[in-house]
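Trainee: I have the sequence and the model open. Can we go through them together?

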Amino acid sequence: MSSKYSEEELKGIANRLRRRTIEMIYRAKSGHPGGSLSAADILAALYFKVLRLDPARPDWEDRDRFILSKGHAAPIYYATLMERGYFSEQVLSTYGEIDSCLQGHPDMHTPGVDMSTGSLGQGLSVAVGMALAARLKGRDLRVYALLGDGEVQEGQVWEAAMAAAKFKLDHILGIIDHNRLQVDGPVDMVMPIGPIADKWQAFNWHVLEVDGHDVGDIVRSCETAKTLKGKPTMLIAHTVKGKGVSFMEDNAAWHSRALTDAEREKALMELSFEEGRDHA
Amino acid sequence: MRKGVTMPENIALRDAYGRALVELGNANPQVVVLDADLALATRTSMFHAAHPSRFFDIGIAEQNMMGIAAGMATMGLIPFANTLACFASKRATDQIRIAIAQPKLNVKIAGGFSGLLAGKTGKTHQSVQDIAIMRSMPNMVVLVPGDGVEAAAAVWAAVEYDGPVYMRLTRDPSPVIFDDSYKFQIGRGVVLREGQDVTIVTTGLMGARALEAADELIMDGIKAHVLHMPTVKPMDEEALVAAARRTGLVVTAEEHNILGGLGGAVAEILGEKGPTLMRRVGLKDTYAESGSNEALLEKYGLTARHIARACRDVVTRRGTIEDV
């Protein structure tokens, strides 16, 4: 179900997702802005161009599956699902409130959420299970999992990497949001994960790399991945943590933080400038 | 319902489980089986032989296995994830919590070699905390069958129930206490013997040992009521409270730590709904060691004789206020 959106429109959508994310985290006084903003272009490309889905039928059995393995990017995930039509803006405004279906980390009982996540390192295993089940049931669908780069420090990720290769699950596309920062600082200092492409290749995966803020290239990489057979594919998306908000960019302090009134205002101003420029 | 006390037949729960899985696979095409390199030990090798396209060996990666099972369940399959009870309940606890219990996915987890009787592998492979851990997880049903008949019946009942189930299995042949007419129901306790002097609440293999204890107690003029709880969660509170009221004394018996397992569950319920003098037979908050089955049960206080002794102890204290 390829959409009509142009590359320029996708950029505009990504920016809108960023602004909604800032508003949500500001209102809830809680959330993870850095890793949400770094994933904005990836989610815009997936949900508005790549994934086969139908927001009117969130339980459609033949839809592609998406797992936000880095569950702390929930705000931008919810903004994406709302913009794509899974639920209303009114529902989005309940993020962080008691009784809301929008939990701090994704829960699969929310319309459009295919799997509950939040404890890092688990999503790729679930993707393997979905991909095996799809094959067993003869369903032609693809499974996408978005991981953080710090997340691959979890051993379970590599257990899943082995299993996906063993079962030749070429309908899995993993994406690493490689923003190079984690809670305690630079990934390379906390616990180096490099050489990351070589690791995935050694685990018998196809590896693609992309500028994670170039929506056009992200879409093209996802299309290329569909043609790569016999092994799963990992797309390493090079991103900037906090992308789009100057004072958040490349700053680990914004991994998880609420915004002051002034910070919210400045962030939204920068993002509206971005959107204006995109549409100029 | 119960066969004669002198029933010579012994069946290992894992064998009964393995055979039941094969039959279940014949009846239900949605059933798939995962194992973590222990298919020979867990007896899922039988399912592998019968239904090769629905068997998945995940290798020595229990955490990954639980996640894969969860992913399969979101697609409408009914996965049985298999490993030893010690690994299922501890190595993969977070995966079970996040990916299975919280979303209430339809995954069945079978823990083999539970309790102390895990060959002579010792404390690393014995499992004396699994009931407590699984019981503390919201949404998890905890089944602890007492013999091969009940283990096979539990497999079918687990599939009829839509949601996560933990099933505790054992390694070595043990006495059969039910016949084929037995109707297992999740959440229902089973009276193995009627009596009015003391209630022995059992789970797992302690059912057969409690019956032996009840025989021994008859010689002392004590008629024990034996209430078997193959479902530790949700516990059959009605049957438990009724038995406790009737006898006024309760002894619990489990091959598990006395903290948090059957004894803990019974104490929680009776503490609120009918305070009753109790004794808990089980591991006294200790890890065990390698040894023969007989030696282990003897040293760690899990034989029929130990159950009978606990019963005599509470009977002599009936009506007294205990000095702890």
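Trainee: How many residues of chain A are in contact with chain B?

Mentor: This is a predicted model. Contact here means C-beta atoms within 7 Å. Chain B brings 20 residues to this contact, and on chain A the number is 21.

Trainee: Which element gives the most to the side of chain B that touches chain A?

Mentor: Two elements of chain B give two or more residues to that side: α4 (62-74) and α6 (93-101). By class, the side has 12 nonpolar, seven polar and one charged residues. With nine residues, the one that gives the most is α4(B).

Trainee: How many Å separate the centres of domain 1 and domain 2 of chain B?

Mentor: Domain 1 of chain B covers 11-175, and domain 2 covers 190-316. Their centres are taken over C-alpha atoms. The separation is 25 Å.

Trainee: How many charged residues are on the side of domain 1 of chain B that touches domain 2 of chain B?

Mentor: Domain 1 of chain B puts 28 residues into this contact, and domain 2 of chain B puts in 28 residues. Among the elements giving two or more on the domain 1 side is α8 (148-160) of chain B. That side has 13 nonpolar and eight polar residues; the charged ones number seven.

Key. Residues numbered from 1 in each chain as written. Chains lettered and ligands numbered in written order. Predicted model: local features only at pLDDT ≥ 70, side-chain atom pairs only at ≥ 80, totals over all residues. Contact = placed C-beta atoms within 7 Å. Helix = DSSP H or I, 4+ residues; strand = E, 2+ residues; numbered from the N terminus. Nonpolar A, V, L, I, M, F, W, Y, C, P; charged D, E, K, R; others polar. Domains from an automatic or database assignment.
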